Amino acid sequence: MLVQPLGLDAVRPGDVLFFRRKGPLSYAMRAVDATVFQHVSLVIDATWIAHSGVTGMRAVRLEAVLGSALDIHVLRSNTVTDLAPVTSIACSYLERGARFAYGHVILAGAMQLARRLSDDGALRAASRGSVRAIAKVASRRAAGRRTPMTCSEFVYRCFAESSIGSGAAYLLSIADRRPTSPVGDASAHSVPALPNFVTPGDLYRSPSLELVGRLLT
């Protein structure tokens, strides 16, 4: 697929950046998630992006990330044009601070494997139920503390929380990634999402986002 090359001047606040990087951990994450991207961040303005990385929640200069990846794709909401509520929530998370959710990476990986199980039999249902139960326990333990988040969970929460009180337009729908889901018909097979199960692959395939192009690195 030919992806349009973009300069920094084409990036807008609220755009979502997807990163493809080198390294064994990156390869493992991409294999589990069945995508070529293993990191995602949110554009705050013409200068800054926000993301949740191994050092925690932080803002990074947009121009500084250009040499940090093999490939950077830019996706944009196709349901709303005013992304100020999304970037505002991202800034509030930055102010509060949050650590990176290593445990959520494992849980999200388990969920992806469960999603790709066959629709036949009880194994798929049992796997999903077990992972969800573990997530609920982890969420209760995190109550009252700074919310630990993965990179994709952070982006998903910024959009999801923007939809509160303003309808569901900001909410990023997540496509069902079962083997039986028709190719090219993901929007007809959206599934409920738990924030700590959302992965970069989920966001990249979201019917709520459309590919704008590839940043020139």
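How many residues does H2 have, and what distance does H2 reach from its first C-alpha to its last? Helix H2 (residues 84-96) has 13 residues and reaches 19 Å, close to the 18 Å expected at 1.5 Å a residue, where the expected span is 1.5 Å times one less than the number of residues. Helices (H or I, at least four residues) and strands (E, at least two) are DSSP runs, numbered from the N terminus.

This is a predicted model, in which local features need pLDDT of at least 70 and side-chain atom pairs count only at pLDDT 80 or more, while totals for chains, interfaces and linings use all residues. Residues are numbered from 1 along each chain as its sequence is written, and side-chain values use heavy atoms, with hydrogens and water left out.

The buried residues of H2 (under 20% relative accessible area, with a 1.4 Å probe and protein chains only) are Val86, Thr87, Ile89, Ala90 and Tyr93. Seen down the axis of H2, these residues fall within an arc of 155°, taken from the directions from the axis to the C-beta atoms, so they line one face of the helix. Among what covers them are strand S3 (39-43), strand S5 (56-61) and helix H5 (151-162). On the other side of H2, Glu95 and Arg96 are exposed (over 50%).

Leu94, also placed in H2, counts as partly exposed (between those two limits) at 24% relative accessibility. Leu94 touches Ala50, Met57, Arg58 and Ala59, leaving aside residues up to four places away in sequence, where contact means heavy atoms within 4.5 Å.

Elsewhere, strand S6 (residues 71-77) and S9 pair in the antiparallel sense over five bridges, pairing being called when DSSP finds at least two bridges.
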